[in-house]
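Please look over the structure shown here before reading on.

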Amino acid sequence: MTVPPQETALATREAPRAAVLARLSPRHLAIGGAIIIALLLPLLTTSFVTFQLTLVMIYGLAILGLNLLTGFNGQFSLGHSAFYGIGAYTAAILMDQADLAYYWTLPCSGMLCFAVGFLFGLPALRLQGLYLALATFALATAMPQILKFHPLEPLTGGVQGIAILKPDPPPGVPLSADQWLYYFTLAVLLVMFACAANLVKSRTGRAIMAIRDHPLAAAAMGINTALYKTLTFGVSALYTGVAGALGAIAVQFVAPDSFTFLLSVSLLVGLVIGGVASIPGSLVGGLFVLFVPNIAESVSRGLAGAVYGVILLLVIYVMPSGAAGLARLLAAKFSSIRTLHIEGKSV
Amino acid sequence: MELLLQQLMAGLATGAIYAAMALAVVMIYQAIDHLNFAQGEMAMFSTFLAWQMIQWGQPYWVAFVAAVVLSFLGGVAIERVLFKPIHNAPILSQLVAFIALYGILNSSAGEIWDFTIKTFPTPFGSAPLFGQNLISTHQAGMIGVTLAMLGLLYLFFRGSRLGLAMRAAAANPDSARLVGIRVGWMLALGWGMSAAVGAVAGMLIAPVVFLEPNMMLGVLLYGFAGAVLGGLSSPGGAVAGGFAVGVIENLAGTFIPYVGRELKLTIALVLIVAVLMVRPSGVFGRAVVSRV
Amino acid sequence: MKRITRRSILAAAPSVLAFAALPARAAKQNGPGVTDTEIKIGNTGPYSGPASSYGTIPKAEAAYYRMINEKGGVNGRKINFISYDDAYSPPKTVEQARKLVEQDNVLLIASPLGTPTNSAIWHYMNQKKVPQLFVATGATKWDDPKHYPWTIGWQPNYQSEGRVYASYILERKPDGKIGVLYQNDDFGKDYLKGLKDGLGDKVKSIVVEAAYETTDPTVDSQVIGMKAAGCDVFVNTGIPKFAAQAIKKAAEIEWKPLHVISSVGNSVGASLKPAGLENAKDLITDFYLKDPTDAQWKDDPGYKDWVAFMDQYYPEGDKTDAGNVIGPCFAQTLVQVLKQCGDELTRENVMKQATNLKNFTVPMLLPGITINTSPTDFAPIKQMQMARFDGERWQLFGPLISGAVSG
């Protein structure tokens, strides 16, 4: 049985276009669109909103760090405020006392936090669940106390903190300081998000997730769980530490009170709302953490905490798996409709 | 030597606070398998309810009993209304729900009752115990009541059918359903009991620390540390852990030179984590052995 | 008609110059946030979070501005008081301050609360040249006209108070062994520094320096440690909750030192009553504001006005909370500054008038204490008075002391 000549011609003409369209998934289009919007935003809005969006990206990056550890590797952490704080203070001290340029503080903070995270991950290997939570909570509580510690005051500025100057754009670039910082943060964000996505899709990523899902089976299959778990701790701390450094530069001030246990709680809330184990979800988490307290405050200043709690509950009811979970659900529904639609169509 | 004895006793007295809270924490952990962040706020809110009743002229014991009963009912209601819909949600989402509950209770208490400290009466009086200046009668009473609650709960869980049913529902909900236990209501019961224990703890603690909306955050965290130290699967261990945390913190603050004053919380927590390294399920906890 | 000659112009010159020198009546300038009917004022404070007990201060300020508006406003303009929550978190304060300045376009920020929070926006406010007036913190650093000309404090700073305690102790118990209880943050450490500086060579008299965190349930251990170390002087700089606990514990363990308590923790209703009035007998402190829970002010007109204001405009406010006294005081001082600006409501003139307060008082300040500022003096209130508790009320004694320490 031969195919009629007209249909063959049609098929060959359609083939290249279909091939490209097949590779351009809705996901790619969404990411591309988001990047274009992100590039245009500071030019369309005020300095203040640009500043807020920069903070959103910073929190999103911090939440991504937590996500790598808790979402992808199943190790519960209440201590990420400590890594954020270490990153922030490293940047502040280097800029204030060593006159280091702001962009070099990022790798310094990252590497220091990686080391601290890795070292913390070693004893953490023995702890599970709530016991690990306590250990990380100890870290989070220790951080402000250590920062206020009297003998360290010449370095950390003690309770008074350290103030730093916002970097100016390089000469010749027609942007304001806020806009420049926004683009700088965006660039760092895109690079680090891409690295994280790569990591998760790779063999290492699968090993990390295997450890989360079934540690015994993973070990039985030959995965070096100890190594992967501590490395993940280190990488997670690195991400949150870089976010902390960016945060210090954006806010231009670090003090022990900025890095308390409550920050860890905020990061956790952002993680869940955005969607555990979802990389783009981390940004949604950042948006939530920054803007929803403001919304709660505008409803009732005296009961701002209560309104925030109510909003949290409502969001959890509607999307128990976070924004990413909801997106997945909607995508599944949409693709099932599409499939039905295509099947119904005659070729 | 006298200083050591005094700090030890003071540590036990403060530890009694943590122990009472740790008991409530472990209670709910045994029922629902995770930590309720809002535990402290629930205890605080219950204590405020009791305080309000006393302000309205009720005698202490009426207010006490009423607060415990209301807390029990409140705990059951919170579970049935707020947490039932997210039963099957991932653990982290439920954790966020606890955080939300914390915010609601803390903020509401601040709006209703203000942030100035209030005195809360104690049925034990505040005289020095046996005339010695080591510990007051109230603090001794607190230790006594905590141990009594521990004893009652132990009897309940080991000796009664309902207690057995609750343990079954927590350990293996599916199997429990198959034998006819109403798991949902067991959970609600667990919440109610934990809220009631929390209310008693709050009403014991308030005379010492003074009643105000933020009184429980530190206590909850120390209580949590004590519960983990003692072992989350063992109520007795949790109580022991609570006392231990109180003593460790006091002794660290007093005797470790130079560093102790400013870093005593850190030191206490580091010590606890060190203990956990050696015994990852807590000192008295049972290691969970799971079949592969 | 007179001919306009050079001579007539010269003759007219003095009166023209005199006319120009008249205060602001001729020039009407509206700075940012100002219209003919409204003045926008910004503020940040901890309405949520661990420091939420201080959230009542901006609420009391807002209530005071409501009263002013009902009475016609300032120079015909209503005050639009925009206050945001910063949860006592410095990064949040930065965000809210930027929102106030860049989005809401306020004329100035009045009484933002907290030391780390104000530190976070210090540079920004001075860079943007926006007045940061009467910051609600006693930290010593705000009195720095040379480096931070747009920031000014209000209350006597903690170091001054610490020095005052030091002088008192040196006078009464020069060979005493001192134990200090302080909060482990900027406010507590500032008191400690003032005390140490005031003691000078005798700083070794401080035998026990006991810190506490706001998350600590009790300070019993610290008090016990002091008694055991043989301290016979106790400097208690804690906030009401911990100050009260310390007083109670000291009585319980039958420790009777020379007990100095700071102005932060000396309220009869908020601290002494919970601790037990009989336990607080012979306590020494310093005051600059009237304690609303002290019966000695019962018939004082300033106190009665304050009660009337609270009853009408802020009935849900707790009248035993000192925060509800200081809030209206901040507001009254700001209203005076705005009045002095007249129609020239620019940021520069606001700053000029804020540093030009001469012998101004507000009703709830102790009698005799005045507010004075100048371009080189950014400490509005420097005076305080000592008092001793007699078991029922605070008995003021001695002269007004000026403890001027600049930042």
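The side chain of D291(C) makes a polar contact with the side chain of T293(C) at 2.6 Å (a pair of N or O atoms within 3.5 Å; within protein, one must be able to donate a hydrogen and the other to accept it, and residues adjacent in sequence count only if both atoms are side-chain atoms). This is a predicted model, in which local features need pLDDT of at least 70 and side-chain atom pairs count only at pLDDT 80 or more, while totals for chains, interfaces and linings use all residues. Residues are numbered from 1 along each chain as its sequence is written, chains are lettered from A in the order in which they are written, and side-chain values use heavy atoms, without hydrogens and water.

**D291 of chain C**
- D291(C) sits in the loop between β10 (284–287) and α10 (301–313) of chain C.
- The side chain of D291(C) also reaches the backbone nitrogen of V268(C), at 2.8 Å.
- D291(C) is buried (under 20% relative accessible area, 1.4 Å probe, protein chains only).
- D291(C) has no salt bridge (a side-chain nitrogen of Lys or Arg within 4 Å of a carboxyl oxygen of Asp or Glu).

**Chains A and B**
- In chain A, 41 residues are in contact with 45 residues of chain B (heavy atoms within 4.5 Å).
- Between chain A and chain B there are zero salt bridges.
- Six residue pairs are in polar contact between chain A and chain B, both residues being at pLDDT 80 or more.
- The side of chain A that touches chain B receives 11 residues from α6(A), which gives the most.

Methods: Helix = DSSP H or I, 4+ residues; strand = E, 2+ residues; numbered from the N terminus. Buried < 20%, exposed > 50% of the residue type's maximum accessible area, 1.4 Å probe, protein only. Lys, Arg positive; Asp, Glu negative; His and termini not counted.
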